[in-house]
Amino acid sequence: MENAVTKKPFIEQLMNGTDFDPDSLSALQKVTLRAVVMSFLFFGLVAIEGMIMRMVQLGPKNPLPEMFTHPDHYFSIMTAHPIVGIFGSTYQLVFAAFMFLVPYLTKKPLYSIRLANVVWILITLGTALAWLAAFAWQYAPLYTLYWPLPADLEQFKMVGGIVFVIGVALIMIGTLGFIYNIYATIFARTGVHANKTTKELLISGFGIDGLMNLIYKLMGRPPYSKEPALSLPVVAIFRGTVDTFLDALVILGAGVLVLVYLLADAAGASWDLHAVDSLLYKNYFWWGLDLVADGLVLIYVAGSWYLLATIITGQKLFMENVARAALLLELFVSWMVWSHHLLADQPQPEMMKLISGEMVTAFELLTQGLALFITLVTLWKARPLKMTPALAYLLGGLVGFGLAVPAGIIQADMGLNRVLHNTQWISFAHFHIALIVGLYMTLYSALYVLWPLVTNNTTLFSKKLTWAHFWLYLIGGIGMGAFAGMAGLDGMLRRHLYTDGEFGGWMILAAIFGSMVLIAWALFLYNIVMSVGIKGLIEIFKPAKDDTATYGIEPQPSIVK
């Protein structure tokens, strides 16, 4: 990671990079890098979309062409924005990291390289189709997709809806492919797991062994399991993937329902939209969608923190058994908290609001706060530590969630929820900071830790650009979320277009800091391109000469696909 790059003419550097050798990459390394490349391209698109929306909210003073300021286009961007950001960018990056990490941590081959390629292709194609539906046909039922809005052909064109749903379906099918690949790898009884039973792997995967160790310790008995079958990061990946599976089924099911209505209308049938209960659909939809945030993200992120802390410090994780048990608790909590999205809905049962929306949701402060505490203590016990990019981005990720989780939890109250939930506070102070700062800075830390492994120790072009990206991204992400969140406190509603610049002051500040995020992305992309070169980028997408599906050990031909 040191900046020891031999100076080359610009064109030569741009074309050839530093010392990147794509021919030396294995199939596992190449499929990982393919998904990473697509992830950051989609991140650039979503950052540009976000800036367009910030500019439109300035009202008549915005400098954008008229096509961007039209309400139909604005709300179509709002519909595509989370699809591109969450699925096209975040899913790709998370899946890429875990399809590399599971073989790396278990010392086993990835079950199928071919399936891994299918996964990133399906998610890329699906995201592109969903974006196209919004851009070309202004399909804009917003990111909630509340029934019967997605199937309302009085507002939206049928072709746009069909293309959008097909795109989302492809993303979910790709997600199911990722899940199958991960579980098939974890449960393969080879390598370090050659003598493990499926029961032992399941017990470890759900963190039951960690919980039993705590109970046995309280009883004064020897540990239930001195050496758990799965390492803690693999447990987090296993646990988070349970929520990923449930989420994929729910979103796929909702998409099929919309598609059936659209195709029925295309065939000349006129189906009653009210045959589907809107409140029941809302609960079903949010139960699944909330698994992305309160289950998948929080569990995956906690596991990533644990892994990064142990790699950076070279020490064992503090309170490991507690961490395993907490991940098990978070799994059950994530299944029961969806109703905090419906606290302001009058028809929602009051007991569901109280138990799911308020009481169970409060446990997220405990589970995520515990993960943050365990990670920080692990780092503290290892001091002094050198401030590397990996450590800096990890700390940035901790800061992001430290800000975003309480900003969301305070709305798990029926009174405050009515004031805050439908404003830009929830959009920016909560989930934009959670995703942009908390999740992405954690993933950047993982990227810098994995960079030598995935690229065979390729030298980064510029360490100065790495740090410029860090500070611009951290300050820009927090600033944009804070100032747009302040507009929410002043009453600025989300999913609403203000045409007269009513909150122009806050939006100008949010746009300034948002532009820092966009510039940071450009610097990061430039640094990576100058490291691997244009030729190297192209070679990443060519077949690997080495079909190895592992890292650091010889492949087992019976497993490699």
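## Ground rules

Residues are numbered from 1 along each chain as its sequence is written, and side-chain values use heavy atoms, with hydrogens and water left out. Because the model is predicted, local features need pLDDT of at least 70 and side-chain atom pairs count only at pLDDT 80 or more, while totals for chains, interfaces and linings use all residues.

## H2 against H16

Let's start with helix H2 (residues 27–56) and helix H16 (residues 424–454), which pack at an angle of about 150° with their axes 13 Å apart. Helices here are DSSP runs (H or I, at least four residues), numbered from the N terminus. Axes are lines fitted to C-alpha atoms over the stretch in contact, and angles run from 0 to 180 degrees between N-to-C directions. That angle makes H2 roughly antiparallel to H16 (the label applies to angles over 145 degrees). H2 passes H16 in a left-handed crossing, meaning that the near helix is turned anticlockwise from the far one by less than a right angle.

Who touches whom? On the H2 side, the residues in contact (heavy atoms within 4.5 Å) are Gln29, Thr32, Leu33, Val36, Ser39, Phe40, Phe43 and Arg54. They meet Phe428, Tyr440, Tyr444, Leu447, Leu453 and Val454 in H16. By class, the contact of H2 with H16 has 10 nonpolar, 3 polar and 1 charged residues; Ala, Val, Leu, Ile, Met, Phe, Trp, Tyr, Cys and Pro count as nonpolar, Asp, Glu, Lys and Arg as charged, and the others, Gly among them, as polar.

The structure holds 5 salt bridges, each a side-chain nitrogen of Lys or Arg within 4 Å of a carboxyl oxygen of Asp or Glu. One of them joins Asp23 and Lys545 at 3.7 Å, N to O. Asp23 lies in the loop between helix H1 (10–16) and H2, and Lys545 in the segment after helix H18 (504–540), so the pair ties together parts that are 522 residues apart in sequence.

Asp23 is partly exposed, with a relative accessible area of 41%, and Lys545 is exposed at 69%. For the cut-offs, buried means under 20%, exposed over 50%, and partly exposed in between (1.4 Å probe, protein chains only).

## Two bridges within helices

Glu320 and Arg324 meet in a salt bridge at 3.1 Å, N to O. They sit 4 residues apart in helix H11 (residues 320–334), separated by about one helical turn, and both are buried.

Lys353 and Glu350 also form a salt bridge, at 3.5 Å, N to O. This pair is 3 residues apart in helix H12 (residues 350–360), again about one helical turn. Lys353 is buried, with a relative accessible area of 1%, whereas Glu350 is partly exposed at 47%.

Note on methods: Parallel < 35°, antiparallel > 145°, perpendicular 65-115°, else oblique.
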